[in-house]
6 protein chains.
Amino acid sequence: MITSVSKRMTFSAGHRIFNPEYSDDKNRQIFGDCSNPSGHGHNYILEVTLTGPVDPETGMIINLKEMKAILQNEIVNKVDHKNLNLDVPFMKDIIPTTENLAAAIWNILDDKFGAEMLTRLVLWESENNKVEITR
Amino acid sequence: MITSVSKRMTFSAGHRIFNPEYSDDKNRQIFGDCSNPSGHGHNYILEVTLTGPVDPETGMIINLKEMKAILQNEIVNKVDHKNLNLDVPFMKDIIPTTENLAAAIWNILDDKFGAEMLTRLVLWESENNKVEITR
Amino acid sequence: MITSVSKRMTFSAGHRIFNPEYSDDKNRQIFGDCSNPSGHGHNYILEVTLTGPVDPETGMIINLKEMKAILQNEIVNKVDHKNLNLDVPFMKDIIPTTENLAAAIWNILDDKFGAEMLTRLVLWESENNKVEITR
Amino acid sequence: MITSVSKRMTFSAGHRIFNPEYSDDKNRQIFGDCSNPSGHGHNYILEVTLTGPVDPETGMIINLKEMKAILQNEIVNKVDHKNLNLDVPFMKDIIPTTENLAAAIWNILDDKFGAEMLTRLVLWESENNKVEITR
Amino acid sequence: MITSVSKRMTFSAGHRIFNPEYSDDKNRQIFGDCSNPSGHGHNYILEVTLTGPVDPETGMIINLKEMKAILQNEIVNKVDHKNLNLDVPFMKDIIPTTENLAAAIWNILDDKFGAEMLTRLVLWESENNKVEITR
Amino acid sequence: MITSVSKRMTFSAGHRIFNPEYSDDKNRQIFGDCSNPSGHGHNYILEVTLTGPVDPETGMIINLKEMKAILQNEIVNKVDHKNLNLDVPFMKDIIPTTENLAAAIWNILDDKFGAEMLTRLVLWESENNKVEITR
């Protein structure tokens, strides 16, 4: 019996999807409207899953207040109401696709929670598109 | 018995909320994170409601294909994956709050559908915030 | 201060949208895929709103158990897992658009709850389309 | 053109629905499982709607930060993770049905926002039941 | 670190659940209302998950425009507003339960995306019932 | 190709999160508002997943009517509109965190469906927090 707890957080950010080594035409051809130079944005939903033994004293895998504080401080405060291309150090020189944003968030949380505990991350860019990372 | 039909559409856009006549400090004080100079964005949900007699031949107030085409062409295509401050002619020189964006969309649709038919517009900027316009 | 209580119920039904006095071509032209002769179907969501004084003894406008039983018996049991064109007496000879289905449900509920109490009915045919009836 | 802005907040609370002047049998008969003496609870969703002119300087009816702070301090902090029968002064001696809870919240917000501005309040007790107050 | 991208699509279809080798009574006994001869229908939600390396040039596992076009052409266009028993060649002689429909869709997509890439498919028949296929 | 079917059920319950061996202060420190002595409650969502071969005669892993009846009788009827600390025998002397409640439900369903069939259980306590059990 493997038990996991997941917390859902939301943030809103702007981005432009383009590869600076591509021509404008190639960016438009590959990324379509997402490469629009003045950018657009999304309401992202982040769901982080931690797995581990349930502490018999508390009945919890992790105190959700602690988990929420880490997600708030390490992730949400750094991306919410920000431009992912310009304002977010951990996305510097990274094309801000949902895949890359999810991977960057995963790497930060991997350091915070450890490889045994962090088992899944899901990031929705819209109600129709999401990216999921597992081990 | 008053009958209305509503259609829900979605789009993603970027924006920065600021008044160019305010100082940076005042913009930050009033608009908070929303005035971040490099902008951010949202997944907007637009719900438009039309009211009128039900045609006994078709059982419809309006053909939803026609309604969808108007919303797609007049609104969604003009704002989706755009920056509301820079790319959208009908938002030129307008602070792109949800209130103002909803009003601008209302004015366009009022011309298309007429005052008798267009009775409500709801625009969600996030799952927690929405603006509604009625007559 | 006007207080209303609303109950949400769901049902699944099949239908074909066509006018028997139209040619096949005209049905196809007006109703599109919805006129496909072998039919299709939807998960409908019905939300019924009753308005009235709150009984000081119970703190309720109406007992929700009673309201649910009426909606279940008068509406859901008659349409759930049914074909709206063929199986539902109250839809006989009516084109089963969402507008017409909502009106037929409204008329039944108007008899049950009365004109003072029944104030709104919303019927979703999909997550993007809904019909609303008020007085 | 009437413009409104709505904010959605959530809270979790416990309650028991019973009239202390009724016998246990009558409470059980009228309120069913809701009168279970040891209580149960819900995740409530509160949506408050304010109507008014849009300030041309800010593009806002009200600053959402201000609106959120009032809802948080006046309502959510007083009911979240509380027992509505025992812990909430503004519900003292009131049967905590959704109708009565909505009315009590309405009265508090009416004082804060005023009769011109506060135009609608919706309170969901579950995904299937909600109460709405308007003027 | 395993990365996946998922796309959600919707379609509406009609069906009747019955085994032609069963008697009417046995069909009614096993499939209940779902075996109603004139059929009913649902709004289906399909979520397809593809797994693979993220292309460092694009930051994408697959271009979502390409993924959407395949899902639209190979699946949605063949089932939307159709009767699953009568109109859909890939469901011929198959009882159109959610399990069987999911398997048929899986087999088509397996040919298109390949066994390494297609890792999960979820098909909702209603908000309360879903089928999931993995390897 | 592994096929699973999932059913979603909802219930509302009250609880208080505390360890009787802790002081009031320690309970408050660890469990925060959740340890409020008069309790609070939630609308829980339970999703149970069963995996297995699809019966070629019926096109089903399990008859959903049978699955629903088991979930209704074994779980929902025992917790809905109950206080998890006081009214539910299978939670006696167990701290009613979502982790522990999910585990207790899992153990009951494991007996009913068997280890080969029961493969996942997800329990949401709120729209932002959920617990998942797998093997």
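A:E127 and B:R8 pair up side chain to side chain in a salt bridge, 2.7 Å from N to O; the rule wants a side-chain nitrogen of Lys or Arg within 4 Å of a carboxyl oxygen of Asp or Glu. Across the interface of chain A and chain B, the rule finds 2 salt bridges. Keep in mind that this is a predicted model, where local features need pLDDT of at least 70, side-chain atom pairs count only at pLDDT 80 or more, and totals for chains, interfaces and linings use all residues. Residues are numbered from 1 along each chain as its sequence is written, chains are lettered from A in the order in which they are written, and side-chain values use heavy atoms, with hydrogens and water left out.

**The A–B interface**

- Chain A puts 22 residues into the contact and chain B puts in 22 residues, where contact means heavy atoms within 4.5 Å.
- About 1,600 Å² is buried between chain A and chain B, with carbon and sulfur atoms giving 41% of that; buried area is the accessible area (1.4 Å probe) that two parts lose on being put together, summed over both.
- A:S38, A:N43 and A:H81 account for 35% of what chain A buries against chain B, more than any other three residues.

**Polar contacts and who supplies them**

- There are 21 residue pairs in polar contact across the interface of chain A and chain B, both residues at pLDDT 80 or more (a pair of N or O atoms within 3.5 Å; within protein, one must be able to donate a hydrogen and the other to accept it, and residues adjacent in sequence count only if both atoms are side-chain atoms).
- On the side of chain A that touches chain B, the elements giving two or more residues are β1 (2–15), β2 (40–51), β3 (82–83) and β4 (118–126) of chain A; strands are DSSP runs (E, at least two), numbered from the N terminus.
- β1(A) gives the largest share of that side, 5 residues.

**Symmetry**

- Chain A superposes on chain B by a rotation of 180 degrees with 0.0 Å of shift along its axis (RMSD 0.0 Å), using least squares on the C-alpha atoms of residues with pLDDT of at least 70 in both.
- That is how a two-fold axis relates copies.
- Both copies use the same surface, as 100% of the contact residues of chain A recur in chain B.

**Over at D:M1**

- D:M1 sits in the segment before β1 (2–15) of chain D.
- D:M1 counts as exposed because its relative accessibility is 52%, and exposed means over 50% (1.4 Å probe, protein chains only).
- Not counting residues up to four places away in sequence, D:M1 touches B:A103, B:W106, B:N107, B:I133 and B:T134.

Definitions and conventions: Helices (H or I, at least four residues) and strands (E, at least two) are DSSP runs, numbered from the N terminus. Buried means under 20% relative accessible area, exposed over 50%, partly exposed in between (1.4 Å probe, protein chains only).
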